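Please read them with the sequence and the coordinates open beside you.

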Amino acid sequence: MRSRAVSTILIVEDDAELRRVIGFALMDVCYQCEEAGNGEEALQALCRATGEGWAYGAVVLDILMPGAVDGWQVLESMRANPLWQKIPVIVLTGKATLPAEIERARQLGAQHMRKTARFVDELLDCIQALAAPETPGSH
């Protein structure tokens, strides 16, 4: 599985305005972005990318979303699929996050970030560290 020359970040968040804010911030520092409004859409996007022979540079994943598939289920599916296991994931949780949620994210190999007033700046720093574009010959 290859990455694109410019990393494409999948933003999975049920709040459309927050998805736009994160997307604009990422595009401002030269990332491509795709959006999913729920867990089902996220899994479909991951399958589509796999079918096209590429992988996301990272996934920004809200944990609490409406629908049949929440963020935890998306993360567990990613870690169970050999083609998605190494994709960096940053899970987003509300301000009142339980320590058990932080530990669960860590055990599933994800970074954790609370949605606070300044989290977008922290998110950019985290993504830049995790989703560096692939350089030629570095497969």
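1. Two terms come before anything else: two strands pair if DSSP finds at least two bridges between them, and strands (E, at least two residues), like helices (H or I, at least four residues), are DSSP runs numbered from the N terminus. In strand β3, A36 is the bridge partner of V12.

2. This is a predicted model, in which local features need pLDDT of at least 70 and side-chain atom pairs count only at pLDDT 80 or more, whereas totals for chains, interfaces and linings use all residues. Residues are numbered from 1 along each chain as its sequence is written, and side-chain values use heavy atoms, with hydrogens and water left out.

3. As for the overall layout, the protein has five helices and seven strands, and from the N terminus on its elements follow the order β-β-α-β-α-β-β-α-β-α-β-α. Of its 139 residues, 44% count as buried, where buried means under 20% relative accessible area, exposed means over 50%, and partly exposed lies in between (1.4 Å probe, protein chains only). The protein exposes about 7200 Å², and carbon and sulfur atoms supply 54% of that area, as computed by the Shrake-Rupley method with a 1.4 Å probe, only the protein chains shown counting as cover for residues.

4. Contact here means heavy atoms within 4.5 Å. Among the contacts in the protein with a separation of 6 or more, 66% are accounted for by residues 24 or more positions apart.

5. Which way do the side chains of strand β2 point? T8, L10 and V12 point one way and I9 and I11 the other, and all are buried, in keeping with the description of β2 (residues 8–12) as mostly covered, with five of its five residues buried. On the pairing side, β2 and strand β3 (residues 32–36) run in the parallel sense over five bridges, while four bridges join β2 to strand β5 (residues 58–62), these two also being parallel. In β5, the residue that stands opposite V12 is L61.

6. Within helix α1, G23 is buried because its relative accessible area is 3%, and G23 touches I11 and C33, not counting residues up to four places away in sequence. V21, also located in helix α1, is by contrast partly exposed, with a relative accessible area of 36%.

7. A backbone angle deserves a look: C30 has a positive phi of about 75° although it is not a glycine. C30 is found in the loop between α1 and β3, and C30 counts as exposed because its relative accessibility is 60%.

8. A nonpolar core is taken as a set of buried Ala, Val, Leu, Ile, Met, Phe, Trp, Tyr and Cys residues joined through side-chain atoms within 4.5 Å. The largest such core has 26 residues, of which L10, L46, Y56, V59 and L61 touch the most other members. At least two residues of this core are supplied by each of β2, α2 (39–51), β4 (54–55), β5, α3 (71–80) and β6 (89–93), and the largest share, five residues, comes from α2. Another core, of 19 residues, lies apart from it and has L18, L92, I127 and A131 among its members.

9. Which residues does L61 touch? Not counting residues up to four places away in sequence, its contacts are V12, G71, V74, L75, V89, I90, V91 and L92.

10. Helix α5 (residues 119–130) has 12 residues and reaches 16 Å from its first C-alpha to its last, close to the 16 Å expected at 1.5 Å a residue, the expected span being 1.5 Å times one less than the number of residues. F119, V120, L123, L124, C126 and I127 are buried in α5, and the buried residues of this helix pack against β2, α1, β5, β6 and β7 (111–114).
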